[in-house]
Every structure is written in structure tokens, then in C-alpha cells.
Amino acid sequence: MSSHQVLLLLLVGYIVFSIDKKQTYFPVPVVLVLLGLALALVPYFNDITISKELIFNVFLPALLFTSAYNFPLGYLRRNKWIITCLGTIGVLLTVIMLGVAIYFVSNIFIQMSFVAALLIASILTPTDPVSVVSILKKSLSDEKIADIVEGESLLNDGTSIVLFTIFLGMFVNETSFSISMFLGEFLFVSIGGVVLGVAFGWLMSKAVHYSKHRTYQVMLSVIVAYGSFYLGEWVGVSGVLTTVTAGMMLSWEFGKNIKEDHFRDSLDGFWNIVEPSVLALLFLLIGIQAADYLIFSEWTLAIIIFVLSLAVRWFVLTGITQIIPAWRSQFALKDSSLITWSGIKGSMSVALLMGFAAADGNDILISLTFAAVLLSLVIQSVGVFPLTKRLKG
């Protein structure tokens, strides 16, 4: 991908985001993805490809850090138990149940192993509510649902990538599913990522005192965002959880210790430019890349998998919130429906999918999953506002 192509894609993103400033409920990622599909037909963009390394090493650390750093810790404290439960136990249950459902349904159409079904489920489980959180906050008088959707996405990204890594190893090495091996690796990678993130975030928050210049402090935040991710991956734990935890830890330590009034303004000013720029490039590239995989014969199965992902997520959410008495009084069935619909698949799902493509290259499985991700991104993003008004009106 040349610098000229990057600039043209950024220009397209700038135009779309500028229009969105005037249209409050404009689903920006959907428009960017659809424009990317259209750009795939232009010969100038034929040589553009999106790889796992590009997403993981360039895009994800910035997006993860921005989301973690900007997520108000007060919201996390108020909803910590439901967010933690949905982002860990909820993800585990969703992947297992969705994997089982995909396995039995898919074998009516194509031959698919149980591990492959679990692998697809792990790709479709992480949520990317970048386009819906602002809509939810503007259309709901109570922002609790939006806070839960946003907080859950921070945790389920990390949990999903741990599950994906385990299932991908089983799929590529053609090993059978082992509960003991699965639990051991899952606990090591996830807990290790959290512990490393806390330590790294705390260390960097202390290092900032060596400079009082806000520009250098912003530079330090870049080191935290990318350094924590790379360090986690190098150690062998979850880089996603390391970055998310480091971002939250840095935010907490800065809020507690640093008294400079304009520090957060400088930090926000920098990352508020980085985030839409990265999102514009990422979603346009998703559209361009998706065009290569969307011409295939099993669209019926892809639609069924998309519907199953919604049904299983709703069932898990409803079960968790209705079983525990304290949550039963706080969450009605319509709340579960809204949280379910807001769990859009996006950048993390595509990143995992590209990792799958690089490791195996099974075109039919990649096409099925890509189609399900695209259906989620388009249908759920467009439908979230009318559904919100209908359920909460």
C-alpha cells in the first residue's frame, strides 16, 4: 500500500466523518466499509491488501489504548461485575454454544470440524461498538446500556483473542479439543496479560514524572499503547489484555497523581486525531479486502451463522442477567435485546480472520466468516437507532 493510496483513503474518511458531524445518527463504519467495497472495483486500489500484521501491529494497539484510556473508570466501577461477567464467562459460553450451533447447522451445507466451528465462533464473538455507543448515549436517557456495551467490548476483545489463539493452534495442528489444555492456556494467557498490563501501566505512569513537558508525556502514551501490546505478545500472554489494562492503569494513575490541568487535554487532542484516522483507514481496508471473499456459493449458511450469533448472544445475556437476582431487577428482556444488537462485529473480528487466513487459507471458512462479519456491521449498525427508539420510546 503506497503513501498516495493512504492519503486518498484518509481523504475519503475525512469526508465521511465531516458529513457525520451534521448527521448525528450516521453509521460511519458501514459507509466506510461500503465505500471500500466500491473502491475494490477501481483498478488503482487492486494491489491493496490487509494483513494480520498490519491490523495487529499498527491499528489495534492505538484503538485499544484509546478505548481503554478514555473509558471512564467511574462507569467501570459502577458496572464492574456485569461487565466482567459478560466479558469473560459470557464470552466463553457464547463461543462454546455458538460453536456447537455452527457445527451442527453447517454440516447440512458443508463438511466442518468441531474445532473449525469453535474457531469461527471465537472470531464472531468480539464486539466493536465504535459506531453505536454515541448513538446509544444520544438516544437513551439512561447511559447504563451504552456504558455496559462499551466496557464489555474492552474485555471480550482480550478473551476472544485468547480463545481464538487456542482454537487456531488446534485447527492448524489438527489436534482434538482438550478441556484441561484449554483451561490451562486460557488462564495463563489472560491472567498474565492483565498482570503485565497493570505492571507496565503503573511503571509508565511513574516514568512520566521525569518530564514536565506535555509533548513528551504524550510521547510516553504512544510507548504505553504499542509497547504494552508488543511486550505482551513477546512474553506469550494476551497483548490485547495487556494494552487494555495498561491504558486503564495509566488513566487511573494520571487522574490520581498528576495535577497538570492541561495534560489530559494534550493527550486527548493527540489520540482524538489518531482514532478517527485509524478507523477510517481500517474500515475502508476491510471493505476493499472483503470484496475478494464475498463471491462464494454458501451465502445461505453465512446468513444462518449471522442469525445464530445474535440468537446465542441474546440467550447468554438473558440467562446471565435473569439468573442473578440483583441483575434481574436492573435488566429487562428489552435491555438484553438492545445489548445483543449493539454487539457489532468489526475490527477485532477482521484482525482474527486475517490471522486465520494467514495460518490456513481455507477460503470457504474465511468467506463464511467474512460474510457474517459484514452482515453484522451493516445490519446491526443501521438498525441500532430505530431499535433503540422502539424499545425505549
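In this predicted model, helix α9 bends by about 25 degrees at N156. The helix covers residues 144-173, 30 residues in total, and spans 43 Å between its first and last C-alpha, which is close to the 44 Å expected at 1.5 Å a residue. Of the 30 residues of α9, 25 are buried, and the helix is therefore largely enclosed by the rest of the structure. Directly after α9 comes E174, a residue whose phi is positive, near 55 degrees.

Although 50 residues separate G169 from L119 in sequence, their C-alpha atoms are 9.8 Å apart in space.

The aromatic side chains give a second view of how the chain is put together. A pair of aromatic rings is described by two quantities, the distance of the centres and the angle of the planes. The structure holds twelve aromatic pairs, and one of them is formed by F56 and F229, whose rings are 6.2 Å apart from centre to centre and have 45 degrees between their planes, a tilted arrangement. Because F56 belongs to helix α3 (residues 52-70) and F229 to helix α11 (residues 214-235), this pair ties together parts that lie 173 residues apart in sequence. Both partners are shielded by the criterion of accessible area: F56 is buried at a relative accessible area of 8%, and F229 counts as buried at 1% relative accessibility.

A further pair involves F65 and W271, with ring centres 5.0 Å apart and planes at 50 degrees, so this pair too is tilted.

Which residues do ring pairs link into a cluster together with F56? The cluster comprises F56, Y226, F229 and Y230, and the F56 and F229 pair described above, with its tilted geometry, joins residues of this cluster.

Definitions and conventions:
Residues numbered from 1 in each chain as written. Predicted model: local features only at pLDDT ≥ 70, side-chain atom pairs only at ≥ 80, totals over all residues. Heavy atoms only, no water. Helix = DSSP H or I, 4+ residues; strand = E, 2+ residues; numbered from the N terminus. Expected span 1.5 Å × (residues − 1). Bend = angle between axes of the 7 residues up to and from the residue. Buried < 20%, exposed > 50% of the residue type's maximum accessible area, 1.4 Å probe, protein only. Phe/Tyr/Trp six-rings, centres within 6.5 Å; stacked < 30°, edge-to-face > 60°.
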